[in-house]
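The exercises below are meant to be worked with the sequence and the model side by side. Each task is followed by a solution that goes step by step.

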Amino acid sequence: MKVLVTGVKGQLGYDCVNELTNRGHEAVGVDIEEMDITDADSVNKVIHETAPDAVIHCAAWTAVDAAEDEENREKVRLVNAVGTENIAKVCKELDCKMLYLSTDYVFDGQGTTPWQPDCQDYKPLSVYGETKLAGELAVADNLEKYFIVRIAWVFGKNGKNFIKTMLNLGKTHDTIKVVSDQIGTPTYTYDLAKLLVDMIETEKYGYYHATNEGGYISWYDFTVEIFRQAEAMGHPEYSQERLHVIPVTTAEYGASKAVRPFNSRLDKSKLTENGFTLLPTWQDALDRYLKEIEF
């Protein structure tokens, strides 16, 4: 199978190309230099020339706070909404599968009940959420052969993420305040890429939610475990004696321009119902990830 992967320079696109290649598929990875998704002609040309059996669309504007800035809003819409629609239209022409990565930010993040993948009670609270929802609708309106996979709290080797930020802060601070009232589950792109390739090998189309297993936690809980594992790996600078992690509310923390969801719990039971293998626990994923990176 030949698969075009957008956003190959990002955490997930990078891992998807590797996973496809490892399984003997032909992976064609593109980023803005090869295909500007906001330019319909560029998308048309590259996808027609590639003639893929499937497209895994990882490219997105993911800087959630910067998306709120007035000067960025149109760029965010062009990337997340228009760019996705451009790809969906060409996939329709070529009758190829499309897998679109979305987010829990399409919901309002209220309550404590895990969001169901087929829930249509959309109420995005940020520009990022609005534009990712527009991308979802563009895929669903144009195609029948599509997967829309919502993910949350992503980390991978190839790029910036929460874990790297915390590890860097932990070296230079003795006290760190972390939000404790936003709840979700981390997602390791290495594990997620395996699931996405599993999906694209099938015709089990529709909406799905995917994160690692291991239960729902706060960013504070995640930080405590990051430092615990880092210390256990021989990094005493992250010990509780030297480094204090203090839980705070979102309101106390302040700092973010975009409204963040309190409830990022995603229900993943549809994966097993359709025969897909659930991801390992986030604790196990964190352990493997810390052994992969230098810090």
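**Exercise 1. In this predicted model, find the residues that line the largest cavity and sort them by class.**

Begin with the lining itself, which is formed by Y105, F107, D108, L125, S126, V259, R260 and P261. Finally, consider the volume, which is about 30 Å³; a search of the whole structure finds one cavity of 30 Å³ or more.

**Exercise 2. Work out the strand order of the open six-stranded sheet, and explain which strands stand at its edges.**

Reading across the sheet, the order is β2-β1-β3-β4-β5-β10, and the pairing is parallel. Because β2 (26-30) and β10 (206-209) each have a single partner strand, they stand at the edges, and one side of each is left without a neighbour in the sheet. From one strand to the next, the twist averages 20°.

Helix α3 packs on it by touching β1 (2-6), β3 (54-57) and β4 (97-103), with a direction that makes about 160° with that of β4. Helix α4 (residues 127-142) also packs on the sheet, where it touches β4, β5 and β10, and its direction likewise makes about 160° with that of β4.

**Exercise 3. Describe how helices α2 and α3 pack, giving the angle, the axis distance and the residues that meet.**

Helix α2 (residues 40-50) and helix α3 (residues 73-94) pack at an angle of about 40°, and their axes are 9 Å apart. The crossing of the two helices is right-handed. On the α2 side the contact involves A40, V43, N44, I47 and H48, which meet N86, I87, V90, E93 and L94 of α3. Sorted by class, this contact has six nonpolar, three polar and one charged residues.

**Exercise 4. Determine which element gives the largest share of the lining of the second largest pocket.**

This pocket holds about 210 Å³ of space, and its lining includes Y14, D15, N18, E19 and N22 as well as K157 and R288. Two or more residues come from each of α1 (11-22), α6 (189-200) and α10 (282-292), and the largest share, five residues, belongs to α1. By class, the lining has four nonpolar, two polar and five charged residues.

Technical notes. Residues are numbered from 1 along each chain as its sequence is written. This is a predicted model: local features need pLDDT of at least 70, side-chain atom pairs count only at pLDDT 80 or more; totals for chains, interfaces and linings use all residues. Side-chain values use heavy atoms; hydrogens and water are left out. On a 1 Å grid over the protein atoms alone, a cavity is a set of points where a 1.4 Å probe fits but cannot get out, and a pocket is an open set with protein on both sides within 12 Å along at least five of seven lines; lining residues have an atom within 4 Å of a point. Grid points are joined across faces, edges and corners, and a volume is the space filled by probe spheres set on the points. Ala, Val, Leu, Ile, Met, Phe, Trp, Tyr, Cys and Pro count as nonpolar, Asp, Glu, Lys and Arg as charged, and the others, Gly among them, as polar. Axes are lines fitted to C-alpha atoms, for helices over the stretch in contact, and angles run from 0 to 180 degrees between N-to-C directions. Helices (H or I, at least four residues) and strands (E, at least two) are DSSP runs, numbered from the N terminus. A crossing is left-handed if the near helix is turned anticlockwise from the far one by less than a right angle, and right-handed if clockwise. Contact means heavy atoms within 4.5 Å. Two strands pair if DSSP finds at least two bridges between them.
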